[in-house]
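Please examine the structure shown below. The briefing that follows treats helix packing, the domains and the surroundings of the ligand.

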Amino acid sequence: MILFHDQLTKRENAQVDIEDRGYQFGDGIYEVIRVYNGKAFRLQDHLDRFQRSADEISLQLPYNLERLSQLLQELVQTNQLADGTVYLQTSRGVAPRSHPFPEESHSVIVAYTVEAERPLNHLQNGIRTMTQPDIRWLRCDIKSLNLLGAVLAKQKAKEHGCQESILHRDETVTEGSSTNVFLAKDGQLFTHPANNLILHGITRQVVLELAADMGIPVKEEAFTLQDLHRADEVFITSTTMEITPVIEIDGTPVGDSTPGNLVRRLQAAFEHQI
Ligand code: PLP
């Protein structure tokens, strides 16, 4: 079953109109929520970010977050999803194609579940990455359906045998194409501040909380490509990739090319939460 508007229904009953603004303009927003043992992890944080993204583009959600939360949990239960993800999106609805907001439109909500194992191989062994210029727009804090910048960056990573692209504006590292980036240097963590240049990742937030609990100092400060290449440890975070060590950047090993001590400790603490 899927969620379409405010109903759980069979996938074949959901139709996307050819003039849906999400389809034509990417005029909409989304969330990806992890489900562990049948429970949506940090659901309220995702819903709050969904509301914030909607507010930032003046998109009126058709019903409140409480109702949405109930429907999503019903969806997970109905589909008997134990481990996987919920994909949730809304578009500004259907209207004759024209750039400005339509006078009248009804946003379209869709959600569906996907079964997925945790990425244990990458969590254990780490991933290879490459750096690329960040060609995206200047409101990366909005989880918008416009993902072409991320799609192109991820595709290039794949073509180079890498699992993620680490993006930079001039010399400043911002985030990954679908992840936030942390580095460790001399026992301290650094990550880009949560401003308009990055998505304010839920997993990033979890790591900040865990680090505070564990007494690991963190600076929410932008760092450079040179800092990245000189880091003791680098890792990326996201809902689907959790806390994944980076063992290689642009063909150069990070540290001794194996996941470091800090990332291992954070991973262990994260496992206690899920
Ligand atoms: N940054 C970008 C650009 C993303 O697309 C994502 C997730 O999709 C993240 C960071 C990580 O965010 P979260 O931890 O909320 O999944």
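The model is predicted: local features need pLDDT of at least 70, side-chain atom pairs count only at pLDDT 80 or more, and totals for chains, interfaces and linings use all residues. Residues are numbered from 1 along each chain as its sequence is written.

**Packing of α2 and α3**

- The axes of α2 (residues 43–56) and α3 (residues 65–78) come within 11 Å and cross at roughly 130°.
- Such axes are lines fitted to C-alpha atoms, for helices over the stretch in contact, with angles from 0 to 180 degrees between N-to-C directions.
- Helices (H or I, at least four residues) and strands (E, at least two) are DSSP runs, numbered from the N terminus.
- Leu43, Leu47 and Gln51 of α2 meet Leu65, Leu68 and Ser69 of α3, where contact requires C-beta atoms, placed from the backbone, to lie within 7 Å.
- This contact of α2 with α3 comprises 4 nonpolar, 2 polar and no charged residues.
- In this classification, Ala, Val, Leu, Ile, Met, Phe, Trp, Tyr, Cys and Pro count as nonpolar, Asp, Glu, Lys and Arg as charged, and the others, Gly among them, as polar.

**Packing of α6 and α8**

- Helix α6 and helix α8 (residues 261–273) pack at an angle of about 110°, with their axes 10 Å apart.
- The two helices, α6 and α8, are therefore roughly perpendicular to each other.
- On the α6 side the contact is made by Val206, Val207, Leu210, Ala211 and Met214, and on the α8 side by Arg265, Leu266, Ala269, Phe270 and Gln273.
- By class, the contact of α6 with α8 has 8 nonpolar, 1 polar and 1 charged residues.

**The two domains**

- The chain is assigned domain 1 (2–115) and domain 2 (120–273), with bounds that come from an automatic or database domain assignment.
- The centres of domain 1 and domain 2, taken over C-alpha atoms, are separated by 26 Å.
- Their contact takes 18 residues from domain 1 and 10 residues from domain 2.
- On the side of domain 1 that touches domain 2, β3 (28–36), α2 and β5 (84–91) each supply at least two residues.
- The largest share of that side, 7 residues, comes from β3.

**The ligand shell**

- The ligand is surrounded by 14 residues, the closest being Leu199, Gly201, Ile202, Thr203 and Thr239; a residue is near if its C-beta atom, placed from the backbone, lies within 6 Å.
- Both α6 (202–214) and β14 (233–238) supply at least two residues of this shell, and α6 gives the most, with 3 residues.
- The shell around the ligand has 4 nonpolar, 8 polar and 2 charged residues.

Technical notes. Two residues are in contact if their C-beta atoms, placed from the backbone, lie within 7 Å. Angles under 35 degrees count as roughly parallel, over 145 as roughly antiparallel, 65 to 115 as roughly perpendicular and the rest as oblique.
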